[in-house]
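My entries follow the structure.

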Amino acid sequence: MRVFLAVLLCLGLAAPAMAEGFAPVTKRDRFVALIEGRDLTRFGITINVTPDGQIKGRAFGRDVTGAWRWNGDYFCRDLYWGKMDLGPNCQAVRVQGNTLRFISDQGAGQFADLSLK
């Protein structure tokens, strides 16, 4: 069960990355404008990504902590879920309305959609 939740948190719902209707976010300033003062949420997950590079929140009853930076066109993060190190990953970011889509492995992997609240 623990491994399943970690995979869910890392990758979303194991769906292939599709971008219909989602616009690319390729600049740090645009990303910060979207997340500043807001939480990223999804069933069982509430995360705050701060403009100064911190990640904190809760997911499925455990603390989420980490750090992020912008590298080229990608959101790159190091993440912990409780004591479990989920490791680094650089992700493509897309936006549609109040939904941010994070696509792992520089846009080549799975995606997770999170709502801006």
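**Entry 1: ground rules.** I am working from a predicted model, where local features need pLDDT of at least 70, side-chain atom pairs count only at pLDDT 80 or more, and totals for chains, interfaces and linings use all residues. Residues are numbered from 1 along each chain as its sequence is written, and side-chain values use heavy atoms, with hydrogens and water left out.

**Entry 2: salt bridges.** I searched for salt bridges, taking a side-chain nitrogen of Lys or Arg within 4 Å of a carboxyl oxygen of Asp or Glu. How many does the structure hold? I noted two.

I took Asp63 and Arg58 to begin with. Their side chains meet in a salt bridge, at 2.8 Å from N to O. I then looked up accessibility (buried is under 20% relative accessible area, exposed over 50%, partly exposed in between; 1.4 Å probe, protein chains only). Asp63 has 44% relative accessibility, so I logged Asp63 as partly exposed. Arg58 is partly exposed too, at 42%.

I turned to Asp113 and Arg101. This salt bridge has an N to O distance of 2.6 Å. The pair links distant parts of the chain, 12 residues apart: Asp113 sits in strand β9 (residues 111-116) and Arg101 in strand β8 (residues 99-103). Is Arg101 buried or exposed? Arg101 is buried, because its relative accessible area is 7%. Asp113, at 22%, is partly exposed.

**Entry 3: the disulfide.** I searched the whole structure for disulfides (a pair of cysteine sulfur atoms within 2.5 Å). The search gave one. Cys76 is joined to Cys90, with an S to S distance of 2.0 Å. Cys76 lies in strand β6 (residues 74-81) and Cys90 in strand β7 (residues 84-96), so far as I read the assignment; the two are 14 residues apart and link distant parts of the chain. I checked the torsion about the S-S bond of Cys76 and Cys90: it is about 110 degrees, so the disulfide is right-handed. Cys76 is buried, at 1% relative accessibility. Cys90 also counts as buried, at 18%.

**Entry 4: Thr41.** I looked up Thr41 and found it in strand β2 (residues 40-42). Thr41 is buried, with a relative accessible area of 16%. Which residues is Thr41 in contact with, leaving aside its neighbours within four places in sequence? I listed Thr46, Leu114, Ser115 and Lys117. Contact here means heavy atoms within 4.5 Å.

Methods:
Helices (H or I, at least four residues) and strands (E, at least two) are DSSP runs, numbered from the N terminus.
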